Amino acid sequence: MTTVVFIILLAIFATSLYGAGGTTMDPCLESMKTASLPDLPYAYDALEPAISEEIMRLHHQKHHQTYVTQYNKALNSLRSAMADGDHSSVVKLQSLIKFNGGGHVNHAIFWKNLAPVHEGGGKPPHDPLSSAIDAHFGSLEGLIQKMNAEGTAVQGSGWVWLGLDRELKRLVVETTANQDPLVTKGTHFVPLIGIDVWEHAYYPQYKNARAEYLKNIWSVINWKYAADVFEKHSRDLDTN
Amino acid sequence: MYCKKIMIVQMIRRTATCTATCTATCTTQLNYQKSKAIKTHNTQIPLACALLTCPLKLELQSRSMAASTAVTANYVLKPPPYALDALEPHMSKQTLEFHWGKHHRAYVENLKKQVLETELEGKPLDHIIHKTYNNGDLLPAFNNAAQAWNHEFFWESMKPGGGGKPSGELLALLERDFTSYEKFYEEFNAAAATQFGAGWAWLAYANDKLKVVKTPNAVNPLVLGSFPLLTIDVWEHAYYLDFQNRRPDYIKTFMNNLVSWEAVSARLEAAKAASSSSA
């Protein structure tokens, strides 16, 4: 009887030790939140006919989910490497973190960049973004043409972006390779619209016709989101 | 007056020919490139060229290899050595129709347009690839030229009823350089699976050794100084219709059911011949 009590007490004692952490890791890192797949703000078929339901399901549930999973795995490895003081592993993990973390960050923005037509998808932006676009690109059509040309020209996998350069206070069109976020092109760049030109973003529906995909996607681009982000940053810039 | 010489060993599937082109660039530098893919043949070519106004082309046959065939200055879209539905169910007819019929065709057509009325026009594909690779600082025509080459090489890396384990000398070398065929299989699979974004995985030969290499976008072992023996295309367009996001399944299917070890063996023979002929 006393043996059983002793074992139970031992078990409780052991569990309390485990709960206390038992490591010397920085508590900030330990409690660092893992990434999780955000829900789509609309149904999978809501962007048809511009983007098919099949693509939206694969893109969100498979591709984005894989980036999230692999990113969390890499973060976990990073935690261990840092706790062990394994500096070469810490450095080696950076490319996996950049690729998968970038994939997560980029796609999280992308879902917000899109909206069904009946929820404003395709509707031109409001001011001040609208005026800024006219000032920098001549017109909204001019901007779209430029982004389409640059998006089509991306070799291999990547993204085409409309961004705000907070430092120079102007709009920019940039492309990034693979899952590099826009900030890799300029630390002061804020993404407003990102369009995924990896083949997985359009292949089942458009096959090799990337230009066609780019032409059609504008009918579901959520300009309201871009205009809101632009307005917020413009306000911040003005008050600086 | 000296001229710049670039000697290029062309790996044209089963054949290896040496092409020396001598162009008058009025440079005062004799430039022998010693990388593995570019060999020099001092004894057969005069060193100085005087007042050349047009390119000279000297064709040398290496050993007993047959005359060069396919990859000519015409940049042809060669069909795969099998019908477009012959690789089913492992690679669908639809994939071949798009991958060969649209993607590969576009690389060839766009290359022709791109080199038209430039100094690259009429040059062999290998020459264009090396020139436009430009030591990693890629020139515009590289993508189309290398992709045209890569895809022809890819179709010929596969055959109906292919896959499985090789035999003979090739197996012996794989076992020598990777410890076992299984270890090679793992390494090749891992390279193909972990190439970020678009690219290729290769079995290549250099310095009498076999190795697995992965490359981004259009880069291939020719520009990295080794002989390509086998490749798998891991651009998403290569597998998306049949496998969607499941690249690992595509790679396994390729290894188990599609690889043409005959083609790999023939390329290995050519690579060994080309290597030793310059020794």
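A residue is called partly exposed when its relative accessible area lies between the 20% below which it would be buried and the 50% above which it would be exposed. B:K112, with a relative accessible area of 34%, is therefore partly exposed.

Chain A has an average pLDDT of 91, and 86% of its residues score at least 70. Residues 18–23 of chain A, however, have a pLDDT below 50, and this stretch makes 2 contacts in the model beyond near neighbours in sequence. Where pLDDT is low, the predicted coordinates should not be read in detail.

Side chains of opposite charge can pair when their charged atoms come close. Over all chains, a search of the whole structure finds 17 salt bridges. One of them is in chain A, where the side chains of A:E53 and A:R57 meet with an N to O distance of 3.0 Å. These two residues are 4 residues apart in helix α3 (residues 53–84) of chain A, so about one helical turn separates them. A:E53 has a relative accessibility of 26% and therefore counts as partly exposed; A:R57, at 36%, also counts as partly exposed.

Turning to chain B, B:K112 forms a salt bridge with B:E109, with 3.6 Å between the closest N and O atoms. Both residues belong to helix α1 of chain B, where they lie 3 residues apart, about one turn of the helix. The relative accessibility of B:E109 is 35%, so this residue counts as partly exposed. Helix α1, which spans residues 93–115 of chain B, also holds B:N110. With 33% relative accessibility, B:N110 counts as partly exposed. The C-alpha atoms of B:N110 and B:A145 are 9.0 Å apart in space, while the two residues are 35 residues apart in sequence.

Another salt bridge joins the side chains of B:K131 and B:E119, at 3.5 Å from N to O. This pair links distant parts of the chain: B:K131 is in helix α2 (residues 125–133) of chain B, B:E119 is in the loop between α1 and α2, and the two are 12 residues apart. B:K131 has 34% relative accessibility and counts as partly exposed, whereas B:E119, at 56%, counts as exposed. Finally, a network of salt bridges links B:E169, B:E269 and B:K272.

Conventions:
Residues are numbered from 1 along each chain as its sequence is written. Chains are lettered from A and ligands numbered from 1 in the order in which they are written. This is a predicted model: local features need pLDDT of at least 70, side-chain atom pairs count only at pLDDT 80 or more; totals for chains, interfaces and linings use all residues. Side-chain values use heavy atoms; hydrogens and water are left out. pLDDT is the predictor's confidence in each residue, from 0 to 100. Contact means heavy atoms within 4.5 Å. Buried means under 20% relative accessible area, exposed over 50%, partly exposed in between (1.4 Å probe, protein chains only). A salt bridge is a side-chain nitrogen of Lys or Arg within 4 Å of a carboxyl oxygen of Asp or Glu.
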